[in-house]
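Here is a short note for a colleague who is opening this entry for the first time. Please keep the structure in view while reading.

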There are 4 protein chains.
Amino acid sequence: MKALVYHGPGKRSWEEKPKPTIQEATDAIVKIAKTTICGTDLHILKGDVATVTDGRILGHEGVGVVEEVGQGVSSFRKGDRVLISCITSCGKCDACKKGMYSHCAKGGWILGNTIDGTQAELVRIPFADGSLYRVPAGADEAALVMLSDILPTGFECGVLNGQVKPGDSVAIVGAGPVGLAALLTAQFYSPAEIILIDMDENRLGVSRKLGATQVVNGTDGKAVAKVMALTGQKGVDVAIEAVGIPATFDICQDIVTAGGHIANVGVHGKSVALKLEKLWSHNVTITTRLVDTVTTPMLLKTVTSGKLQPRQLITHEFRLDEIMKAYDTFGNAAKEKALKVLVQGE
Amino acid sequence: MKALVYHGPGKRSWEEKPKPTIQEATDAIVKIAKTTICGTDLHILKGDVATVTDGRILGHEGVGVVEEVGQGVSSFRKGDRVLISCITSCGKCDACKKGMYSHCAKGGWILGNTIDGTQAELVRIPFADGSLYRVPAGADEAALVMLSDILPTGFECGVLNGQVKPGDSVAIVGAGPVGLAALLTAQFYSPAEIILIDMDENRLGVSRKLGATQVVNGTDGKAVAKVMALTGQKGVDVAIEAVGIPATFDICQDIVTAGGHIANVGVHGKSVALKLEKLWSHNVTITTRLVDTVTTPMLLKTVTSGKLQPRQLITHEFRLDEIMKAYDTFGNAAKEKALKVLVQGE
Amino acid sequence: MKALVYHGPGKRSWEEKPKPTIQEATDAIVKIAKTTICGTDLHILKGDVATVTDGRILGHEGVGVVEEVGQGVSSFRKGDRVLISCITSCGKCDACKKGMYSHCAKGGWILGNTIDGTQAELVRIPFADGSLYRVPAGADEAALVMLSDILPTGFECGVLNGQVKPGDSVAIVGAGPVGLAALLTAQFYSPAEIILIDMDENRLGVSRKLGATQVVNGTDGKAVAKVMALTGQKGVDVAIEAVGIPATFDICQDIVTAGGHIANVGVHGKSVALKLEKLWSHNVTITTRLVDTVTTPMLLKTVTSGKLQPRQLITHEFRLDEIMKAYDTFGNAAKEKALKVLVQGE
Amino acid sequence: MKALVYHGPGKRSWEEKPKPTIQEATDAIVKIAKTTICGTDLHILKGDVATVTDGRILGHEGVGVVEEVGQGVSSFRKGDRVLISCITSCGKCDACKKGMYSHCAKGGWILGNTIDGTQAELVRIPFADGSLYRVPAGADEAALVMLSDILPTGFECGVLNGQVKPGDSVAIVGAGPVGLAALLTAQFYSPAEIILIDMDENRLGVSRKLGATQVVNGTDGKAVAKVMALTGQKGVDVAIEAVGIPATFDICQDIVTAGGHIANVGVHGKSVALKLEKLWSHNVTITTRLVDTVTTPMLLKTVTSGKLQPRQLITHEFRLDEIMKAYDTFGNAAKEKALKVLVQGE
């Protein structure tokens with residue numbers, strides 16, 4: 001079969017690879033109908049993710065059709081249309097029993113990382129019962145691809161951890177796909193204000209369409225002052241960090257009100273200076289989280305009921321055999337005005 | 001009347017001051033029966049707390065008898081024996097309505113800070129209805145002085161924010177009075193292990209007596225390795241920071257397990273390096289809090305029922321007119337093996 | 001001044017009464033700008049509420065202007081436009097400190113019950129600091145009258161106690177003003193389905209306009225079967241009882257799914273048979289609540305931000321001196337298609 | 001092998017049965033080391049549990065040694081010493097993912113009910129990965145048998161659902177094994193008072209030893225008045241029903257304070273009259289629950305740390321081949337002063 005393969009920093013190719021086979025009784029083999037590319041895949045290609053080695057098939061998002069299941073799989077069978085979660089969950093370890101699938105003893109984020117991923121014609125999914133979700137009848141499968149990773153990420157790490165409540169003022173720093181996923185799902189809880197902060201005018205425009213009540217272009221370095229002005233100098237109840245660098249975390253520290261929440265979503269490569277000399281007495285809660293995808297069933301219901309419309313995040317479409325081009329486009333997101341690129345199998 | 005007065009860095013005296021009088025309808029005047037000295041008072045004397053100015057009477061803890069109340073006070077009258085909370089609460093502002101009295105619009109920590117405090121024969125208590133608590137019949141008033149500040153501080157900022165649960169492993173960094181208050185109140189929730197970390201052998205010995213299951217002397221810089229060894233390399237569910245310097249916050253970052261809590265209690269003077277490059281994916285919650293004293297009614301019930309025995313924290317006793325000597329003792333806590341010093345009025 | 005006065009079962013009159021005066025330092029006198037009539041007022045007129053005695057001015061909802069305040073009132077002064085809460089809160093008792101204002105030691109529901117109420121030109125409001133809320137600049141005061149009682153009632157007793165979550169299926173039994181208030185505020189949490197059950201086609205039509213995804217006319221006694229059919233025989237996650245009779249509570253028992261919530265809002269006059277022989281193993285939570293109005297600040301924010309539009313509940317308007325006619329209309333709600341009647345002072 | 005077999009109302013025998021075998025890949029066969037008898041087994045013998053049919057091996061509690069596992073079992077292997085949970089959990093269905101194992105689509109309470117149980121030399125455990133727990137090194141296995149059912153039942157249905165907090169007043173109605181399990185685990189949260197109510201003086205005596213602060217003998221029908229007197233007429237914060245008849249549920253309704261919790265644990269055979277005419281405005285929460293055993297890992301930690309000492313509930317010991325006699329003793333619990341009878345395999 002064909003697959004998108006990583007060959008060390010800067011090198012990827014669309015090439016022939018052996019078909020995956022059942023290795024454990026709990027495995028399933030899924031034929032990919034739709035997949036997409038994640039910002040994390042770009043990080044991998046830069047060589048930033050040490051666990052990904054030469055020869056790895058990338059990708060941890062997708063929708064597909066079950067081709068084969070091991071003897072221990074009881075919830076799915078050949079022919080079932082399924083959503084693939086970016087997080088693999090054995091359902092049995094201490095972490096899984098607590099709903100913290102991200103720290104599953106044998107799973108977690110392994111697809112397109114320590115085992116081959118979804119940017120291929122076929123993929124092996126370990127612990128299929130815990131890691132796949134049935135596609136609801138009549139669902140828009142392109143929209144569902146957004147539920148593999150970015151929507152539960154924005155929702156769990158940003159909105160739930162940030163404890164967004166009706167009437168709250170919320171700021172989201174970073175209007176990339178995950179920041180926008182937080183924007184869409186923050187609206188589940190009817191905050192009074194959602195302020196999006198970014199340096200890209202196109203993304204700020206999209207933010208407005210997707211429900212931001214205010215947008216702030218931080219190019220001039222005055223994001224903090226602008227947010228404070230918008231909130232009558234009170235600051236926000238919830239600050240969601242969706243970039244992953246010290247400067248954006250700093251904005252969150254500076255705009256959160258007493259009693260408020262900083263919910264970190266971004267993947268950070270360095271330490272940040274936590275201003276405890278000010279925050280120690282501010283009754284602030286700071287959370288970090290690798291997505292657990294424990295809310296996937298809830299998110300599926302909100303998609304089915306029409307409360308959540310994730311297709312809005314898809315800006316480009318490609319065929320699976322065009323995935324090299326899809327990477328080019330996604331890799332130039334600002335210029336191409338790309339958010340999520342949908343990659344379609346046959 | 002006589003009072004302990006701050007006269008700039010390093011200078012304090014026991015001197016004559018005018019008696020306080022009712023200034024607002026919501027004020028009460030309380031005659032001090034018992035008071036104590038807080039670590040914060042020592043910080044003030046070093047000149048570290050800019051809001052405290054020359055001439056201020058120090059002290060924010062105590063038990064006393066109501067001498068007089070303003071017309072707006074309805075819960076107390078002359079002769080009532082009362083516990084004075086270190087936090088003044090108007091009961092009417094947004095923060096008070098949320099139970100965040102520490103950020104009361106007109107109150108918060110003002111006693112012995114921006115208004116005269118409790119280390120005196122008499123003290124004026126603003127918003128008396130929200131800031132005083134009736135002494136339960138038969139209570140040990142010396143024990144209750146511990147409820148003015150350190151017990152709600154250890155409990156709210158450390159134990160409640162840390163979400164201690166039955167079976168948890170808990171580490172408390174710092175075995176001073178507030179760390180020990182966290183130790184006593186953590187036991188409300190039956191954790192499996194409570195590890196105390198300090199550099200003072202005497203305090204570690206006290207910790208054992210007060211319920212620590214393990215103690216770690218961090219003098220050799222190996223506290224992290226020791227805690228990891230004690231927890232089978234898993235780390236702790238809850239790490240409570242009760243010192244207030246970067247090194248102790250660092251220990252907390254290094255020993256907290258995935259899905260765990262860091263509850264900051266310490267008063268910090270500088271930023272700390274938050275290791276987001278590791279923690280971003282560790283599903284960790286970090287909290288800060290200035291005590292709200294919102295749990296004082298609950299703590300009073302636990303004292304009355306005998307579940308909490310705060311008298312154990314008192315190591316020395318002085319008469320009010322010996323308070324200069326009490327400061328000397330408390331200021332040499334390690335040498336004097338002092339925890340809390342009780343200062344008795346007539 | 002003129003006021004609507006109760007004179008025993010079936011008897012009310014619009015008559016001259018002495019102007020209220022400040023009795024306690026914490027009182028305010030408010031001139032009524034807008035008021036309304038509650039279903040509870042009709043119960044009083046039937047003689048069902050024993051605490052209401054001959055000569056009482058009725059009414060516990062309204063918006064007005066502060067005329068005078070006692071010396072202990074610090075948050076309001078003459079001329080302030082205020083929302084009057086149906087619940088009076090002293091802010092100092094144990095119940096108030098827990099946020100359970102409904103059980104305030106000196107307050108709770110007393111307006112138009114044990115003291116004179118708001119259906120008058122002027123009203124005395126005890127504990128004004130805790131019982132009034134400032135009208136936000138530019139607010140629609142007619143809409144705000146709905147926040148005196150029915151919106152916090154539907155929200156707190158129905159939606160919050162029912163723990164409505166994104167993706168949930170919710171049933172509301174009773175499409176009167178309080179049931180509709182629950183319908184409006186349930187949408188804060190983005191449930192997948194909200195099924196309204198009533199016997200009045202007009203109210204079911206209104207329910208659809210206000211956001212019900214399904215409506216069920218229970219006239220034929222088949223409401224349970226219909227709800228089960230709509231939910232694929234699973235039942236609902238949340239059943240909100242907004243009528244107050246055994247038959248409607250029964251519907252809730254029969255449609256709630258395992259792990260679900262029954263939130264009682266209705267005022268009941270008799271016991272109901274709780275089917276513990278079935279429910280003991282169904283992991284069900286049943287709640288009762290007299291509204292605390294503790295969410296009034298949150299609701300004000302949702303009105304200001306436009307998330308909540310309570311004016312939709314107003315079907316008729318009258319001048320204050322027409323209030324006898326307003327009662328006639330509201331008393332014939334089905335025939336008049338009345339929901340809430342707005343009564344305007346000068 | 002030998003087993004205790006049900007043969008219709010009133011009939012049980014210790015007889016030869018075929019050894020169980022692996023039927024599904026997720027099964028395990030466990031050799032019973034220790035088991036016990038539950039009040040539910042007595043109900044079954046009265047013919048009260050329609051799902052239990054002639055020929056069924058009874059028993060849903062026990063500790064044993066794994067004899068054999070199916071290919072789909074990954075957490076256990078031959079020779080492992082295990083605690084058997086009374087609730088079978090597939091770990092994959094919606095209910096299991098929510099932690100509501102009691103309503104597992106394929107499991108729940110099936111052992112000794114719809115499939116053969118643990119009062120035998122060997123038992124087949126479906127979904128072994130989710131339904132067994134490893135015995136901690138050095139554990140007292142007799143004590144652990146109490147964790148199969150009664151301790152999680154008292155804890156989850158009574159203490160957790162009742163939301164017991166430090167300083168609370170708690171009443172437990174019924175001092176049988178489950179009520180005593182609630183008594184032991186309520187102490188995890190340091191309530192100020194725990195009042196046990198029963199009609200058996202022996203059990204009340206045991207209650208005192210196990211931590212009750214007060215006991216009430218309700219034989220004279222005055223339990224309510226006595227509890228109200230003990231609580232200064234305020235009633236209790238938490239009332240735990242651990243009997244399962246209308247009279248005891250009634251006591252709970254009559255003693256719960258405003259804002260309090262009634263946590264039903266008892267298995268009820270009839271409806272009870274819920275006094276909504278009084279409770280509608282009392283802000284009360286009533287919960288029902290079939291135990292989920294989701295807290296078994298937490299309880300194991302509390303046993304290991306010594307916070308929980310369940311052996312205190314064992315009053316009698318028998319060999320497995322004496323189980324007919326064990327039933328006689330347990331069936332005459334009052335006369336025999338029996339709480340839990342330990343039944344030992346070889």
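Predicted model: local features only at pLDDT ≥ 70, side-chain atom pairs only at ≥ 80, totals over all residues.

The points below go through the contacts between chains, then some pairings within a chain.

1. Chains A and B: extent of the contact. Chain A gives 32 residues to the contact, and chain B gives 32 residues. Together they bury about 2700 Å². Carbon and sulfur atoms supply 59% of that area. The elements of chain A that each give two or more residues to the side touching chain B are strand 12 (256-264), strand 13 (272-274), helix 10 (276-279) and strand 14 (285-287). By class, this side of chain A holds 13 nonpolar, 14 polar and five charged residues.

2. Chains A and B: what crosses the interface. How many salt bridges does the rule find between chain A and chain B? The count is zero. Polar contacts are present, with 21 residue pairs across the interface, both residues at pLDDT 80 or more.

3. Chains A and B: a strand pairing between chains. Strand 13 of chain A pairs with strand 13 (residues 272-274) of chain B. The sense is antiparallel, and there are three bridges. A:A273 stands opposite B:A273. Look for this pairing when tracing strand 13 from chain A into chain B.

4. The same surface serves both copies, as 100% of the contact residues of chain A recur in chain B.

5. Chains C and D: extent of the contact. Chain C contributes 32 residues and chain D contributes 32 residues. About 2700 Å² is buried between them, 59% of it on carbon and sulfur atoms. On the side of chain C that touches chain D, two or more residues come from each of strand 12 (256-264), strand 13 (272-274), helix 10 (276-279) and strand 14 (285-287). That side of chain C has 13 nonpolar, 14 polar and five charged residues.

6. Chains C and D: what crosses the interface. The salt bridge count between chain C and chain D is zero. Residue pairs in polar contact number 21, both residues at pLDDT 80 or more. Strand 13 of chain C and strand 13 (residues 272-274) of chain D run antiparallel, joined by three bridges. The bridge partner of C:A273 is D:A273.

7. Chains C and D: symmetry. Chain C can be laid on chain D by a turn of 180° and a shift of 0.0 Å along the axis, with an RMSD of 0.0 Å. The two copies are therefore related as by a two-fold rotation axis. Of the interface residues of chain C, 100% are also interface residues in chain D, so the copies meet through the same surface.

8. Salt bridges overall. Over all chains the count comes to 68. One pair to inspect is A:E61 with A:K340, whose closest N and O atoms are 3.0 Å apart. This pair links distant parts of the chain, 279 residues apart. A:E61 lies in the loop between helix 1 (39-46) and strand 4 (62-69) of chain A, and A:K340 lies in strand 16 (residues 340-344).

9. Strand pairings within chain B. Strand 4 (residues 62-69) and strand 5 (residues 81-84) of chain B are antiparallel, with four bridges. There B:G62 stands opposite B:I84. Strand 5 of chain B also pairs with strand 7 (residues 132-134), antiparallel over three bridges. B:V82 has B:R134 in strand 7 as its bridge partner.

Definitions and conventions: Residues numbered from 1 in each chain as written. Chains lettered and ligands numbered in written order. Heavy atoms only, no water. Contact = heavy atoms within 4.5 Å. Buried area = accessible area lost by both parts, 1.4 Å probe. Salt bridge = Lys/Arg side-chain N within 4 Å of Asp/Glu carboxyl O. Polar contact = N/O pair within 3.5 Å; in protein donor to acceptor, adjacent residues only side chain to side chain. Nonpolar A, V, L, I, M, F, W, Y, C, P; charged D, E, K, R; others polar. Pairing = 2+ DSSP bridges. Least-squares fit on C-alpha atoms with pLDDT ≥ 70 in both.
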